[in-house]
Amino acid sequence: MTNVTPFGDGAFRVALPERVEPRIALESLRKVPGVVDVVVSETHACVTFDPRGPIPDLSTALDVAARPMAREPGRLEIVQIRYDGPDLDAVATFAGLSVEEAIALHLSRTYEVRAVGFLPGFAYLGDTDPRIAAPRLPNPRPRVPARSVGIAGDRTGIYPFASPGGWQLVGTAIDFEPFDPDSGARLRLGDRVRFVRV
């Protein structure tokens with residue numbers, strides 16, 4: 001059963017059951033009359049509405065999201081990467097592999113956008129090969145350059161802007177802008193990403 005709890009006067013916090021596809025939940029919840037905005041993570045959604053109006057009924061939208069259905073694959077984005085990150089050796093050591101072997105594992109998968117957040121346009125891509133699923137740094141860096149590619153556990157991602165960050169940096173995305181001021185995040189829930197080495 002879906003767990004929906006009030007989150008202040010104008011929002012619900014929704015714990016998504018495992019069978020719910022986040023992208024479908026996002027699309028379904030956005031269509032509910034009275035809903036102002038929806039943010040979906042891998043396991044939860046925050047649904048905001050105008051508290052001066054009727055309280056939205058989310059049940060039908062969540063039922064739709066939970067129905068088994070043929071799933072359309074998300075867009076495939078090819079991202080060029082230069083493996084020049086300062087933590088590349090540490091990730092290889094964590095894996096007990098050479099740097100080239102660790103790179104090969106990072107390149108070996110097509111990743112799916114599991115969530116978008118932390119920064120506008122920052123996509124959490126999963127799943128990394130468990131052998132290179134290195135944990136976050138014990139102390140985050142005060143500044144990570146824009147377009148740095150990092151690994152944190154079973155996720156990899158591209159920093160859209162220079163910011164503080166604690167992911168293990170393995171490379172730099174080339175000719176790829178994760179965020180556009182006019183169109184927003186380039187990667188969306190369910191999109192797929194394949195890294196290509198340059």
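Trainee: Is Asp127 buried, exposed or partly exposed?

Mentor: The model is a predicted one, in which local features need pLDDT of at least 70, side-chain atom pairs count only at pLDDT 80 or more, and totals for chains, interfaces and linings use all residues. Residues are numbered from 1 along each chain as its sequence is written, and side-chain values use heavy atoms, with hydrogens and water left out. Buried means under 20% relative accessible area, exposed over 50%, and partly exposed in between (1.4 Å probe, protein chains only). Asp127 is partly exposed, with a relative accessible area of 31%.

Trainee: With which residue does Asp127 form a salt bridge?

Mentor: Side chains of opposite charge can pair when their charged atoms come close. A salt bridge is a side-chain nitrogen of Lys or Arg within 4 Å of a carboxyl oxygen of Asp or Glu. Asp127 pairs in this way with Arg114, the closest N and O atoms being 3.6 Å apart. This pair links distant parts of the chain, 13 residues apart: Arg114 lies in strand E6, and Asp127 in the loop between E7 and strand E8 (141-144). Helices (H or I, at least four residues) and strands (E, at least two) are DSSP runs, numbered from the N terminus. Arg114 is partly exposed, at 26% relative accessible area. Both residues belong to a network of salt bridges that also includes Glu42, Asp154 and Arg155.

Trainee: How many salt bridges are there by this rule?

Mentor: The count comes to 14 salt bridges. One of them joins the side chains of Arg197 and Glu100 at 2.9 Å, N to O. That pair links strand E15 (residues 192-197), which holds Arg197, to helix H4 (residues 99-107), which holds Glu100, across 97 residues. Arg197 is partly exposed at 40%, and Glu100 is partly exposed at 46%. Another salt bridge joins Asp50 and Arg52 (2.9 Å, N to O). There, Asp50 counts as partly exposed at 29% relative accessibility, whereas Arg52 counts as exposed at 76%.

Trainee: How many aromatic pairs are there?

Mentor: A pair of aromatic rings is described by the distance of the centres and the angle of the planes. Rings of Phe, Tyr and Trp (its six-membered ring) pair if their centres lie within 6.5 Å; planes under 30 degrees apart count as stacked, over 60 as edge-to-face and the rest as tilted. The count comes to 9 aromatic pairs. One of them, Phe118 with Tyr159, is edge-to-face, at 6.1 Å centre to centre and 85° between the planes. Phe118 is partly exposed, at 49%, whereas Tyr159 is buried, at 0%.

Trainee: At what angle do helix H1 and helix H2 pack?

Mentor: Two packed helices are described by the angle between their axes and the distance between the axes. Axes are lines fitted to C-alpha atoms, for helices over the stretch in contact, and angles run from 0 to 180 degrees between N-to-C directions. Helix H1 (residues 22-30) and helix H2 (residues 59-66) pack at about 155°, with their axes 8 Å apart. H1 is therefore roughly antiparallel to H2, a term for angles over 145 degrees.

Trainee: How many of the residues of H1 are buried?

Mentor: In H1, 7 of the 9 residues are buried, so this helix is largely enclosed by the rest of the structure.

Technical notes: Angles under 35 degrees count as roughly parallel, over 145 as roughly antiparallel, 65 to 115 as roughly perpendicular and the rest as oblique.
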